[in-house]
Amino acid sequence: MQNAAIKRVNVSSLKTGSAQQKKSKKTDRRSNFGKRFLSSCMEFQSPTSRPTSSDVVLNHHPPFPIIHQFLLPPPLLPTPSTVLLPVPFNPSLFFTMDNQRSISLLQFMVDEGLVPSVEEEDKRKSVIRKLKQVVSSWIKKVACLHQLPDHQIAVTSATVLTYGSYGLGVHSSGSDIDALCVAPFFASIAEDFFIVLHDMLKRRPEVSYIHCVKSAKVPLMRFKFEGVSIDLPYARLNVLYVPENVDILNPFFMRNIDDTSWKSLSGVRANKYILHLVPNIEKFQCILRCLKLWAKRRGVYGTLLGYLGGVHMTILAAYVFLRHPDATLNALIMHFFQTFAFWPWPTPVMLQEGMLTVIDGIETRSYMPIFLPSSRYEHCHTNITKSTFFRIRSEFLRGHEMTKDILKPDFLWDNVFEPFPYTERYSRFLKICLSSPNHYALVEWVGWVKSRFRALLLHLEATQGFCDPNPTEYVDSEKTEPNVVFYWGLKSNKNNFLDIDSVKGEFMKIIKNGYEGSPGRMEMSILLASQLPN
């Protein structure tokens, strides 16, 4: 627990068979990845030929004014000619340091094992291919159940589209797959998806731990297919035939669809739109992998806990990348921290000018509004609160302070990505232990409780003033039944008293409301930092 914001990628889990042979193969594979990326996105140019618009601005805090109107970009940074650089300034040294930092960051990524192995990639592709086959058989069966004419049954089809980290190509080893089932108009979500398709999947030997999450903002099925975790929401289009690689950005397919389908399609559309916008996909994938790892290590990644999610990180990274497409990897990271450390929130982040014409009442109350690039009006849903906004903003500032000096002699990327030191920052913690009789019930119980965590966080903010919900999930080894434990940091104040029984009682009322299964157990207690397990 100490000094850990999130569990590190278990590189050793990728090793199978002969350890020495696999180690050699992995080293070669990572080396090839590094060379491939180096050749595509880390081209080193001379100072005279390098465009100054992409250069890193040194030692400057942009004086952003407080903006009350919703404008697209923050005020432009001053041109390099107006920036005070360290004296004497050696352009050759500057570009050398910038390039060396980029190479060292790439090596850091390789050492962390952020890129899945070829075997893992092949397995994921196989899983998606088999899932598409199941969905194809399912839609034919549903068409028969609805007694469609034979010629319509013959041509009707459905498909599966991937999105999220897997769809963007930035998934890590062991991460799940976000996949969307897209079907024709006649297949209902209540019966045909949650009953017929559910039963077909459940009967397959490759599928395990399948359950339905019907009450989520985006209803979905969650299961494991050959050991790979899959989240499968549903959308239906007003067509009879859904092409395998349907162009979901085509307005033709978006006409007259229901709200649930619109929400389900938002993630896929955002992914495709961003990949269409960025000029260098491999380079964009690299910076996004880095930033997601940074957010996880620093404890500011996790939508249900009030932090940034994958879609938020993707849009923020794309915003910087589109404005500095020729910058090195190091320069992009520097620009990212500089941009959002001084961003005039709640000015929304938007990737294109002219996107926003109407601001709804909900979005004006958001701490960090971020708009989806595939819609003129739609924003990314967030659970960010006053406490988590402070934490995110603090991490942006920390990142800027650590990366802004390109000539810093003792700079190490390990320090930037250092796990957040919870036990050094907080003297008290709220321990939340969720348990169930079996693993299947625990997965469903934990998912439901996490979806209601925002209510608990707001209550703690109201009584304690500040709460830092560590997104990392731990296990209490002293308990015999399956469990998941969270430790939330509490800041000391004049009144450290917290009626934990009252907090638990109020929160239990919230989580039991609407829960369809058998509720698991929840225990809450206050621990001192010295009482936390190692």
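**Note on the predicted model**

1. The protein chain exposes about 24300 Å² (Shrake-Rupley method, 1.4 Å probe; for residues, only the protein chains shown count as cover), and carbon and sulfur atoms supply 54% of that area. This is a predicted model, where local features need pLDDT of at least 70, side-chain atom pairs count only at pLDDT 80 or more, and totals for chains, interfaces and linings use all residues. Residues are numbered from 1 along each chain as its sequence is written, and side-chain values use heavy atoms, leaving out hydrogens and water.

2. The chain has 18 helices and 9 strands. These are DSSP runs, numbered from the N terminus (helices: H or I, at least four residues; strands: E, at least two). Of the 534 residues, 53% are buried (under 20% relative accessible area; exposed is over 50%, partly exposed in between; 1.4 Å probe, protein chains only).

3. Look at helix 16, residues 439-451. At its start, a side-chain oxygen of Asn 438 comes within 3.2 Å of the backbone nitrogen of Tyr 440.

4. Which residues of helix 16 are buried? They are Ala 441, Leu 442, Trp 445, Val 446, Trp 448, Val 449 and Lys 450. Their cover includes strand 6, helix 17, strand 8, helix 18 and strand 9.

5. Now Thr 159, in strand 1. Thr 159 is buried, with a relative accessible area of 1%. A polar atom of its side chain lies 2.8 Å from the backbone oxygen of Glu 244.

Technical notes
Contact means heavy atoms within 4.5 Å. A polar contact is a pair of N or O atoms within 3.5 Å; within protein, one must be able to donate a hydrogen and the other to accept it, and residues adjacent in sequence count only if both atoms are side-chain atoms.
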